[in-house]
Structures are given as C-alpha cells and as structure tokens.
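Hi everyone, and thanks for making time this morning. I'd like to walk you through a model I've been looking at, so please have the picture open while I talk.

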Amino acid sequence: MALFSDAQRAQIGERLAALPRDVRLVLYGQSLDCDTCEETRRLLAELAGIDARLSLEERNLVLDREAAAAHGIDRAPGLVVESVSAPAAGEAEAPAVVDFGVRLLGAPLGYEFTSLLDAILAVSHRDSGLTPASRERLATLTSPVHIQVFSTPT
Amino acid sequence: VSAIEYPDLVRRYRVTGVPKIVMNDAVELLGAYPEEAFIDAVLKAAA
C-alpha cells in the first residue's frame, strides 16, 4: 500500500517543483536492530518516485561500512542529502556532487518529513537561506563545526 | 537526529526537550532562537 495519498503526492510535487539541481539521497539501513529502516526505505522510495530530480541509493550500514564511515554515518537509518549534477544557469562550472554535510538520523516521519523536504530544497539550491550578515560572520570560521539537532516527529 | 530512536544519544547529550542543538559537543541550545544567536553559538563552538 502506498504511504502517500494522491493529495499528499501532489502537495509534495508542488513543494519540490523546479528544483535547480538533482538531489541524491543515500540511505544507510541495516536488517537487524532497526525498527524504522524498512518504513524509512519505503517512504524515501516513494518520495524519490515523485520527482525525477530525486534519486535514492540504498546501502547497508554493516556491509558498506567504509562508505558509511566516509559519509560520517554510524547509525541506521542514516540519510545523506547531497546535491548532484550540472550547475544551474548562469553559474560557473561546479563539481558533480556537493556534500554540504546534511544528515538525517532516524526515520523522517511527521514534522521530520518537512525537515527532509527543507533539506532537499536547501541542498538543491545550494543555499542556506542565511542573511548576508550571518554569512559574513560564518566566513571567519577556520575549522568545521559539527551541529546536531535533536527533534521528535510530533 | 531523532530524539526517540537513539536513547544513548539522548542520555549522552542530556536532551530534556526539543529542539535541542549541540555544537562540537561543547555548546548547547534548547528551544528556538533568532538566527543571530545560532551564529553566536557556532562561533563559540569553533573557538
């Protein structure tokens, strides 16, 4: 049975309309000790089916250990949201894949599904949405900052 | 990070409410703040 109703699919399609660049979702799951991996996999597969600019790559946290480590994923379900493909019109040549370090750990259900859509939009636009003043202040950073946001689906 | 699925992380970072933000395991914010406060926190975490 489909997870999204036709109305929800239409709404999501509208939200994702005109993504400037493709977005690749890389899901790390595992078959044991993961209550939400299967539901997450189905949800993301359906989501990827809504817009041609979205793709889903499924990996196994245990079997694809090296790739998971390279992505900084040590839990399932762990999701990488990265920007792929050619630069948008008027932009200089850009690398094929840009990883901004956006990760979602845990099933993107409830309000977290909205966070996932927000992440997809930001990554596709390659734009944080921050004010010019904030960008200027962040430009002074010389080392990476690991930011974890804890949230619940309700 | 789901605060429901990973009780070990919830314990480690003392997540008593959401949204809780932890930067570089050093700076913590609980609740909503204006953008400027987040930037302050990022710079403090990097220092």
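**A walk through the model**

N24(B) is partly exposed, with a relative accessible area of 27%. Before I go on, please keep in mind that this is a predicted model. N24(B) sits in the loop between β1 and β2 (27-30) of chain B.

You'll find A18(A) in the loop between α1 and β1 of chain A. Is A18(A) buried or exposed? A18(A) is exposed, because its relative accessible area of 69% is over the 50% cut-off.

While we're on loops, let me point out two cis peptide bonds. One joins A76(A) and P77(A), with omega about -10°, and P77(A) belongs to the loop between α3 (65-70) and β3 of chain A. The other is between V18(B) and P19(B), where omega is about -5°. P19(B) is in the loop between α1 and β1 of chain B.

That loop of chain B also holds V15(B). V15(B) is buried, since its relative accessible area is 13% and the limit is 20%. Which residues does V15(B) contact, leaving aside neighbours within four places in sequence? They are F150(A), A3(B), L9(B), V10(B) and K20(B).

Now to the helices of chain A. Helix α4(A) runs over residues 111-125, and at 1.5 Å a residue its 15 residues should span 21 Å; the end C-alpha atoms are 22 Å apart, so the two agree. Its buried residues include F113(A), L116(A), L117(A), I120(A) and V123(A). An α-helix has 3.6 residues a turn, so residues three or four places apart point the same way. The partners that the buried residues of α4(A) pack against include α1 (6-15), α2 (37-50) and β1 (22-29) of chain A. Just past the end of α4(A), R126(A) has a positive phi of about 55°.

Helix α2(A) has 14 residues and reaches 20 Å from first C-alpha to last, close to the 20 Å expected. Among its buried residues are C37(A), L43(A), L47(A) and I50(A). The elements covering them include α1, β1, β2, β3 and α4 of chain A.

Of its 47 lining residues, G101(A), V102(A), R103(A), I147(A) and V149(A) are the closest to the centre. Elements giving two or more residues come from both chains, including β5 and β6 (147-150) of chain A and α1 (7-12) of chain B. Which element gives the most to this lining? That is α4(A), with six residues. By class, the lining has 26 nonpolar, 11 polar and 10 charged residues.

The second largest pocket holds about 180 Å³ of space. Its lining includes F4(A), Q8(A), R15(A), F113(A) and L117(A). Here α1(A) provides the largest share, four residues. The classes in this lining are five nonpolar, three polar and one charged.

Technical notes
Residues are numbered from 1 along each chain as its sequence is written. Chains are lettered from A and ligands numbered from 1 in the order in which they are written. This is a predicted model: local features need pLDDT of at least 70, side-chain atom pairs count only at pLDDT 80 or more; totals for chains, interfaces and linings use all residues. Side-chain values use heavy atoms; hydrogens and water are left out. The expected span of a helix is 1.5 Å times one less than its number of residues. Buried means under 20% relative accessible area, exposed over 50%, partly exposed in between (1.4 Å probe, protein chains only). Contact means heavy atoms within 4.5 Å. On a 1 Å grid over the protein atoms alone, a cavity is a set of points where a 1.4 Å probe fits but cannot get out, and a pocket is an open set with protein on both sides within 12 Å along at least five of seven lines; lining residues have an atom within 4 Å of a point. Ala, Val, Leu, Ile, Met, Phe, Trp, Tyr, Cys and Pro count as nonpolar, Asp, Glu, Lys and Arg as charged, and the others, Gly among them, as polar. Grid points are joined across faces, edges and corners, and a volume is the space filled by probe spheres set on the points.
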